[in-house]
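Here's a quick look at a protein model, one piece at a time. Have the structure open while you read.

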Amino acid sequence: NRYLAMGIFLFGIIGNILNTLVLSQRQLRSNPCSWLFLVSSIFCLISLCSSLIPRFLSTWNTDITNTNDILCKLRVFIYYNSMTIAFWLIALATIDRWLSSSTTVNYRHKSTLKNAKRGMLAIIIISTMIETQQIFCYKANLIHTPLKCYTKTVTCGILSDLTFALITVFVPLTLMFIFGLKIISNVRQTQARLRPIAAPIAD
């Protein structure tokens, strides 16, 4: 928690700050995929700060989220919500790349900054609604639990873990994999269309 968390924190902060600086340039902000990666990097920064800083402080018993119920709930909600949003924005960026690489004109026209912002807003709203359950499930000053800021019942623990495993990790990663394969297929179709066909030589 002390040394490994600090290493992950430093590398994560540096990497996401560099992503944010590069992707926030004017010429990249107009690209829907770059926009989604930019916002995803910002939410990754929020997730890193909300998860690793308290772990680091807990090694000196200075993590006030363990004893303050409001801060405990707020930290957990921010962590889960920002992580979920970040993963889904990357999945949405993959879908956008599939649309933009499609050989169908109508699909390519759907890859716009306006649609990307609409998708981002929908993801933020839905994720916030889903992760609100963390506020009711987590409690500070618990005993006989791995952490003092932890789920107060077994049911809450199972619900929280299932939500993280399915909604935050499995579904967006599955979408990334599926649409990643579709992007490869689109690129191959484009190359096949552009490849010149040798004409038969007449005798």
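Let's start with salt bridges (a side-chain nitrogen of Lys or Arg within 4 Å of a carboxyl oxygen of Asp or Glu): by this rule, the count is one salt bridge. Aspartate 96 pairs up with arginine 97, and their closest N and O atoms are 3.1 Å apart.

A word on where this comes from: it's a predicted model, where local features need pLDDT of at least 70, side-chain atom pairs count only at pLDDT 80 or more, and totals for chains, interfaces and linings use all residues. Residues are numbered from 1 along each chain as its sequence is written, and side-chain values use heavy atoms, with hydrogens and water left out.

How covered up are some of the residues? Buried means under 20% relative accessible area, exposed means over 50%, and partly exposed is in between (1.4 Å probe, protein chains only).

| Residue | Relative accessibility | Class |
|---|---|---|
| Aspartate 96 | 6% | buried |
| Arginine 97 | 30% | partly exposed |
| Leucine 18 | 48% | partly exposed |

Leucine 18 sits in helix α1, residues 3-23 (helices are DSSP runs of H or I, at least four residues, numbered from the N terminus). In α1, the buried residues are Ala5, Phe9, Gly12, Ile13, Asn16, Thr20 and Leu23. Looking down the axis of α1, its buried residues fall within an arc of 115° (taken from the directions from the helix axis to the C-beta atoms), so they line one face of the helix. On the face turned away from that buried side, α1 carries the exposed residues Tyr3, Phe11 and Leu21.

Notes. Helix = DSSP H or I, 4+ residues; strand = E, 2+ residues; numbered from the N terminus.
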